[in-house]
Amino acid sequence: MYEILAKKELAPKIKMVEVYAPEMAEKAQPGQFIIVIVNQRGERIPLTIAGCDKKKGTIRFAFNEVGKTTKQLGFLKEGDCVGNITGPLGNPSEIKNYGKVLCVAGGVMIAPMLLLIRSLREAGNTLTIVMGARIKELLFFEKEMKDLSDKFYVATDDGSKGYKGLDFLKEILEKGKFDRCIAWGPVVMMKNVSEMTRKVNLPTTVTLTPIMVDGMGMCGVCRVTVGGKMMFGCVDGPEFDGHLVDFDELISRQRMFLPEERLSSLLWEIRGGCTCGGK
Ligand SMILES: Cc1cc2nc3c(=O)[nH]c(=O)nc-3n(C[C@H](O)[C@H](O)[C@H](O)COP(=O)(O)OP(=O)(O)OC[C@H]3O[C@@H](n4cnc5c(N)ncnc54)[C@H](O)[C@@H]3O)c2cc1C
Ligand code: FES
């Protein structure tokens, strides 16, 4: 059992929790993830590590309430316990001095990307940071991101704050002369960014979120195609070269269980929706 020491709402339906997990806090690095099980009957869901404090023995993660398990997690309060957490899993991000780095952070992945961006800054990189969300209400950590950046931009899909969409990136890429792009966010966003950076031959790293079960390379559920080869998101990634990823296959595999997921969430709500009753 992992006690929740702190919980915060970052934006509507996006929450961040800090749990006591000293062994994980000791080892966790940016880019890695954990597998969370809310309760005894719960399913396993992967979430990216968004912070760790070795002294306090805690790790943080943020989640978007999109389905049954993330909604169940959202019900837990400070002092409650998460049933089980496995991790840290996956390969850490490669942190080094690339030079000029374009960081694109979108949606809930803004939270774990802040951890990565802090490390990139400490490694001496010059950072242009682009933060994006569907609507302005879903933006968070703006000040934190701005403080770490040399240049900072905000974009929303509906134009309610900053640039409308990410088309403005084309101009930034033409002028910028970057050494590396790192994009973390919704798959469609990472696909679009990778298409833009391919045109200017800018090496691009993305983090993939295929459906996972064990998170340890045994079940094969998380397979993705990268450079024409089959890879496992959990043990070969989760970061990959964005110019080699078959994003369309990833998108269609992510939607494979959509009817079951919707039904499961609906049934859970009909039964009263709480953290228990993982039926
Ligand atoms: C390595 C990795 C890191 C991730 N990091 C984060 C994060 O930091 N914050 C965050 O909010 N989300 C993250 N996700 C996505 C998160 O795991 C899913 O949103 C979550 O599993 C949804 O579960 P659910 O029961 O609430 O919703 P469901 O109704 O089960 O699914 C909703 C959507 O989530 C996707 N999904 C469902 N089950 C899984 C699964 N086992 N693995 C991956 N995707 C799944 C499906 O494509 C579906 O479209 C990450 C996924 C991966 C693979
Ligand atoms: S989640 Fe099972 S092999 Fe990757």
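These legends walk through several close-up views of a predicted model. Residues are numbered from 1 along each chain as its sequence is written, while chains are lettered from A and ligands numbered from 1 in the order in which they are written. Since this is a predicted model, local features need pLDDT of at least 70 and side-chain atom pairs count only at pLDDT 80 or more, though totals for chains, interfaces and linings use all residues; side-chain values use heavy atoms, with hydrogens and water left out.

View 1. Helices (H or I, at least four residues) and strands (E, at least two) are DSSP runs, numbered from the N terminus.

**View 2. Polar atoms up against ligand 1.** Look for threonine 70, where a side-chain N or O atom sits 2.4 Å from an oxygen atom of the ligand. A nitrogen atom of ligand 1 is 2.7 Å from a polar backbone atom of methionine 212, and at glutamine 254 a polar backbone atom is 2.8 Å from a ligand oxygen. On its own, ligand 1 has 840 Å² of accessible area, and the protein covers 88% of that (areas come from the Shrake-Rupley method with a 1.4 Å probe; for residues, only the protein chains shown count as cover).

**View 3. Helix α8 and its buried face.** In α8 (residues 247-254), the buried residues are Phe247, Leu250, Ile251 and Arg253. Seen down the helix axis, they fall within an arc of 165°, so they line one face of α8; the arc is that of the directions from the helix axis to the C-beta atoms. Buried means under 20% relative accessible area, exposed over 50%, and partly exposed in between (1.4 Å probe, protein chains only). These buried residues pack against α6 (187-199), β13 (204-207) and β14 (223-226), where contact means heavy atoms within 4.5 Å. Aspartate 246 caps the N-terminal end of α8, with a side-chain oxygen 3.4 Å from the backbone nitrogen of aspartate 248.

View 4. Most residues other than glycine have a negative phi, and most peptide bonds are trans. The bond from glycine 87 to proline 88 is cis, with omega near -5°, and proline 88 is in strand β7 (residues 84-89). Another cis bond joins glycine 237 and proline 238, with omega about 10°. Phenylalanine 141 has a positive phi near 60° and is buried, at 12% relative accessible area. Lysine 177 also has a positive phi, about 50°, but is exposed at 67%.

**View 5. Glutamate 18 in strand β2.** Glutamate 18 is in β2 (residues 14-20) and counts as buried at 8% relative accessibility. A polar contact of 3.0 Å joins its side chain to that of lysine 56; such a contact is a pair of N or O atoms within 3.5 Å, and within protein one must be able to donate a hydrogen and the other to accept it, with residues adjacent in sequence counting only if both atoms are side-chain atoms.
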